[in-house]
Amino acid sequence: MQSAEIELKFPLSDPAALQARLPQLGFRLDTPRTFEHNTLYDTATRDLRAQTQLLRIRQYGDLCTVTHKRMPDQTPSETRYKVRIETETTVADGHALSEIFQQLGYVPVFTYEKFRTEWSHTTEKSAHLVIDETPIGNYVELEGPPEWIDRTIAELNIDPATCLTDSYGKLFLDWKQRTGSSAEHLTFAAISSPVLTSR
């Protein structure tokens with residue numbers, strides 16, 4: 001399936017407190033806290049990254065998906081949001097697909113992990129909220145129409161200045177620069193003591 005992905009992130013200090021409020025704001029829990037493992041693939045010369053493209057295999061609980069992301073054909077008029085064209089489908093065997101990628105010259109270049117909890121909105125069917133607990137802190141991702149994103153940020157009393165469009169790869173690189181960490185991947189094994197992120 002291909003679709004335009006419009007989203008914003010913001011850091012979160014207390015996932016439990018936020019989740020206690022979500023049902024009152026029209027959210028329904030879709031997927032309880034589930035471990036997620038992501039591997040990004042690229043050529044040895046990082047051709048996909050140079051073209052602002054992403055090729056990913058994700059294992060989320062029992063579900064394995066392959067995703068390709070690229071920039072829209074036309075530059076979005078509103079740049080406050082992260083906008084990507086996303087093509088995604090489920091796959092039966094992620095290890096087999098990884099082998100195919102590598103035979104075609106796409107090798108694993110970055111791994112990141114998190115625990116993700118997914119919520120959908122009862123009235124805005126195309127919108128959802130996810131809570132990601134990563135080794136470098138907790139984040140909320142809001143995905144849906146821009147008006148819904150703005151309304152939800154206001155309802156949650158989130159300062160718009162704290163909202164981000166950065167990928168987890170970019171957040172990881174920024175964290176490494178701040179902390180001096182030598183970790184190469186955003187995994188719980190590489191970063192033994194999770195910390196909360198502040199901006």
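## A tour of the aromatic rings

Start by selecting Arg33 and Phe115: Arg33 lies over the face of the Phe115 ring, 4.0 Å from the ring centre. A charge counts as sitting over a ring if NZ of Lys or CZ of Arg is within 6 Å of the ring centre and within 35 degrees of the ring normal. You are looking at a predicted model, where local features need pLDDT of at least 70, side-chain atom pairs count only at pLDDT 80 or more, and totals for chains, interfaces and linings use all residues. Residues are numbered from 1 along each chain as its sequence is written, and side-chain values use heavy atoms, with hydrogens and water left out.

Next, the ring pairs. A search of the whole structure finds nine aromatic pairs; rings of Phe, Tyr and Trp (its six-membered ring) pair if their centres lie within 6.5 Å, with planes under 30 degrees apart counted as stacked, over 60 as edge-to-face and the rest as tilted.

Select Tyr41 and Phe101. Their ring centres are 5.2 Å apart and their planes stand at 70°, so this pair is edge-to-face. Both Tyr41 and Phe101 are buried (under 20% relative accessible area; exposed is over 50%, partly exposed in between, with a 1.4 Å probe and protein chains only).

Phe115 is partly exposed, at 23% relative accessible area, and Phe188 is partly exposed with a value of 23%.

For the last stop, select Phe110, Tyr112, Tyr139, Tyr168, Phe172 and Trp175, which form one aromatic cluster.
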